[in-house]
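Thank you for making the time this morning.

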Amino acid sequence: QVQLVESGGGEVQPGGSLRLSCAASGSIFGIKPMGWSRQAPGKQRELVATILGDDKTTYGDSVKGRFTISRGNAKNTVYLQMNSLKPEDTAVYYCSIHYGGLQFWGQGTQVTVSS
């Protein structure tokens with residue numbers, strides 16, 4: 001079974017920064033595609049960023065130039081550096097990994113951007 005644990009959420013003022021972390025564990029062989037999505041109250045889940053096995057990255061239009069996804073030294077660990085945060089970035093952020101034809105999700109971490 002694959003498990004993901006996110007950390008690093010919290011409350012920050014507009015213009016501030018946060019760094020989210022996600023570690024995948026379980027019987028995972030190799031480096032797998034991972035990503036971050038977010039869901040604000042009353043809205044659909046939105047893709048924020050992805051990183052493939054070859055470290056190619058993609059970003060949602062609303063976060064391009066402000067957020068950066070990267071891998072850690074530990075296998076299947078990813079980070080999301082979020083800069084220039086806006087109130088509209090407020091959401092629960094979920095980490096995911098693609099493995100064995102399935103997508104696994106973490107429990108989510110709350111990010112609140114408010115003055």
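This is a predicted model: local features need pLDDT of at least 70, side-chain atom pairs count only at pLDDT 80 or more; totals for chains, interfaces and linings use all residues.

Let me begin with Met82, which, if we do not count residues up to four places away in sequence, touches Gly16, Ser17, Leu18, Leu20, Arg66, Phe67, Tyr93 and Val111; contact here means heavy atoms within 4.5 Å. Residues are numbered from 1 along each chain as its sequence is written, and side-chain values use heavy atoms, with hydrogens and water left out.

Met82 also belongs to the largest nonpolar core, a group of 29 residues in which Met34, Trp36, Leu80, Met82 and Tyr93 touch the most other members. By nonpolar core I mean a set of buried Ala, Val, Leu, Ile, Met, Phe, Trp, Tyr and Cys residues joined through side-chain atoms within 4.5 Å, and buried in turn means under 20% relative accessible area, with exposed over 50% and partly exposed in between, using a 1.4 Å probe and protein chains only. The elements that give two or more residues to this core are strands E3 (18–25), E4 (34–39), E5 (46–51), E7 (67–71), E8 (77–82), E9 (91–99) and E11 (109–113). Among the contributors, E9 gives the most, with five residues. The element names come from DSSP runs numbered from the N terminus, where helices (H or I) need at least four residues and strands (E) at least two. As general background, nonpolar side chains tend to be buried together in soluble globular proteins.

Now to the cysteines. How many disulfides does a search of the whole structure find? The search finds one, the term being a pair of cysteine sulfur atoms within 2.5 Å, and this disulfide joins Cys22 to Cys95 with an S to S distance of 2.0 Å. The pair links distant parts of the chain, since Cys22 is in strand E3 and Cys95 in strand E9, 73 residues apart. With -80° about the S-S bond, the link is left-handed. Cys22 counts as buried because its relative accessibility is 1%, and Cys95 counts as buried because its value is 0%.

Two threonines come next. Thr77 lies in strand E8 and is buried, with a relative accessible area of 11%; leaving aside neighbours within four places in sequence, Thr77 is in contact with Cys22, Ala23, Met34, Ser70, Arg71 and Gly72. Thr50, in strand E5, is buried as well, with a relative accessible area of 18%.

Leaving aside neighbours within four places in sequence, Trp105 is in contact with Leu4, Ser37, Arg45, Tyr94, Cys95 and Ser96. The charged end of Arg45 sits over the ring of Trp105, 4.6 Å from its centre, and Arg19 likewise lies over the face of Tyr79, at 3.9 Å from the ring centre; the rule asks that NZ of Lys or CZ of Arg be within 6 Å of the ring centre and within 35 degrees of the ring normal.

Asp55, in the loop between E5 and strand E6 (57–59), has a positive phi of about 70° although it is not a glycine, and at 45% relative accessibility Asp55 counts as partly exposed. Ser84, in the loop between E8 and E9, has a phi near 50°, again a positive value in a residue other than glycine, and Ser84 is partly exposed at 43%.

I will finish with Val5 in strand E1 (residues 3–7), which is exposed, with a relative accessible area of 52%. Val5 and Gly108 are 103 residues apart in sequence and 8.1 Å apart in space, C-alpha to C-alpha.
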